[in-house]
Amino acid sequence: MKKLQEPKFRLLLALSITLMAFSSHAQNLADISEFLRAEKKDASSLIKSYVTPAINAVSNGMTSGWYTTGKAHKTLGFDLGVSVSAVFTPSSDEYFTPSLSSSTTFSNKTNPSLGAPSVVGPKDVTEYKSTYDPDGSGPLPSQTFTLNGPEGLDFKKNIGFSALPVPIVQLGIGIVKNTDLKVRFVPEQKTNSVTFKMIGIGLMHDIKQHIPGIKMMPFDLSVLAAYNTVSGSASLVSTTGVVSNDGNLSYRLNSWVAQAIISKKISVLTVYAGVGYGSVSSNVDITGNFSVPASVGSVSVKDPLALSLSNSSAKITGGLRLKFGPVYLNGDYTFQEYNALTVGFGLAVR
């Protein structure tokens, strides 16, 4: 089966907002469209299991980087910052155990005792054999399809640890009564047949001013509530290999976060910490009609993927910020279901 390099490339881009990180490794992956040669319910299950760790990591990464201090701006004060969160995937996400029907078998040729590598896993060679009646006319004759599953990106080997980078650009502005409005916005970007956009909004409010007895104490205390969404689509139309006249991938990754933030400024250094809760939900769909070459004729597959994920966890963050005039540098670490190390820089006034 001819490799569909361009559709594969677009699929990987659309599944993660870490576009540059994934695109640099895309050519090393076996074609995800190989999974479409398995029986439909197996194909859907395999694609879901393969991409889920990356989607969860990116979704959790969007809950990070909302603050570098617990002190709100004065009215019309502002900050503009760029941050990157390295979201760590647990070792348990590197492999998955394929959930297959009786018509499909699986083997890991590299590590026979292990499961199949996910997108964040190693570059193991895997093989699937699926025997079924392609056109549904049954009961016989059936055909047997042998396919190679996609390898992982193997971040652990390439960079020393398993993590996905999630970049964020954010503007914060003081509005009224020690309250900051925080905005993340990327207007819709179109590159060939790929679209991508992001919007996020948050409010951070100084609650110390409302608590008698601590107004004059030498620290800052605020609460934050924020929402972020990333959405996009990619055309999977192809006239070679896996043929589709209307194939399309669409996705939406949502995140919510609520935290209490405390900070203390000592000269140019600010120490900050936050505790709260984060929740993410993600939807990824591949729709359309696909024709997959077979030894006799072809296999027709319609709407092969409808993936819906959600998870939530407590969040505990600790970090440092150095500020020299209007310029700041910051770094923090968040303990949550998918831990994240965030570093950033920016400008802050008032």
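β17, residues 340–349, gives the most to the lining of the largest pocket, with five residues. Keep in mind that this is a predicted model.

The largest pocket holds about 550 Å³ of space. Its lining comes to 35 residues. Nearest the centre of the pocket lie Thr 69, Lys 71, His 73, Arg 321 and Ala 348. Besides β17, the elements that each supply at least two residues to this lining are β1, β7, β8 (179–191), β9 (194–206), β10 (220–235), β15 and β16 (327–335).

Ala 348 takes us to another residue, Gly 77. The C-alpha atoms of Gly 77 and Ala 348 are separated by 7.8 Å, while along the chain the two are 271 residues apart. Gly 77 sits in the loop between α3 (40–61) and β1 (78–88). Is Gly 77 buried or exposed? Its relative accessible area is 0%, under the 20% cut-off, so Gly 77 counts as buried. Leaving aside residues up to four places away in sequence, Gly 77 touches Gly 172, Ile 173, Gly 174, Val 349 and Arg 350.

Val 349 also turns up on the surface, in a nonpolar patch. Two or more residues each come from β1, β7 (163–174), β15 (305–324) and β17. Which element gives the most to the patch? That is β1, with three residues.

How many cavities of 30 Å³ or more does the structure hold? There are three. The second largest cavity has a volume of about 50 Å³. Its lining is made up of Thr 63, Ser 64, Gly 65, Trp 66, Tyr 67, Gln 259, Lys 315, Thr 317, Asp 332 and Thr 334. β15 and β16 each supply at least two residues of that lining, and these two strands are also among the elements that each supply at least two residues to the lining of the largest pocket.

That's what I have for today.

Definitions and conventions: Residues are numbered from 1 along each chain as its sequence is written. This is a predicted model: local features need pLDDT of at least 70, side-chain atom pairs count only at pLDDT 80 or more; totals for chains, interfaces and linings use all residues. Side-chain values use heavy atoms; hydrogens and water are left out. Helices (H or I, at least four residues) and strands (E, at least two) are DSSP runs, numbered from the N terminus. Buried means under 20% relative accessible area, exposed over 50%, partly exposed in between (1.4 Å probe, protein chains only). Contact means heavy atoms within 4.5 Å. Patches are made of residues with over 30% relative accessible area and no salt bridge: like charges are joined within 9 Å, nonpolar side chains (Val, Leu, Ile, Met, Phe, Trp, Tyr) within 5 Å. Accessible areas come from the Shrake-Rupley method with a 1.4 Å probe; for residues, only the protein chains shown count as cover. A salt bridge is a side-chain nitrogen of Lys or Arg within 4 Å of a carboxyl oxygen of Asp or Glu. On a 1 Å grid over the protein atoms alone, a cavity is a set of points where a 1.4 Å probe fits but cannot get out, and a pocket is an open set with protein on both sides within 12 Å along at least five of seven lines; lining residues have an atom within 4 Å of a point. Grid points are joined across faces, edges and corners, and a volume is the space filled by probe spheres set on the points.
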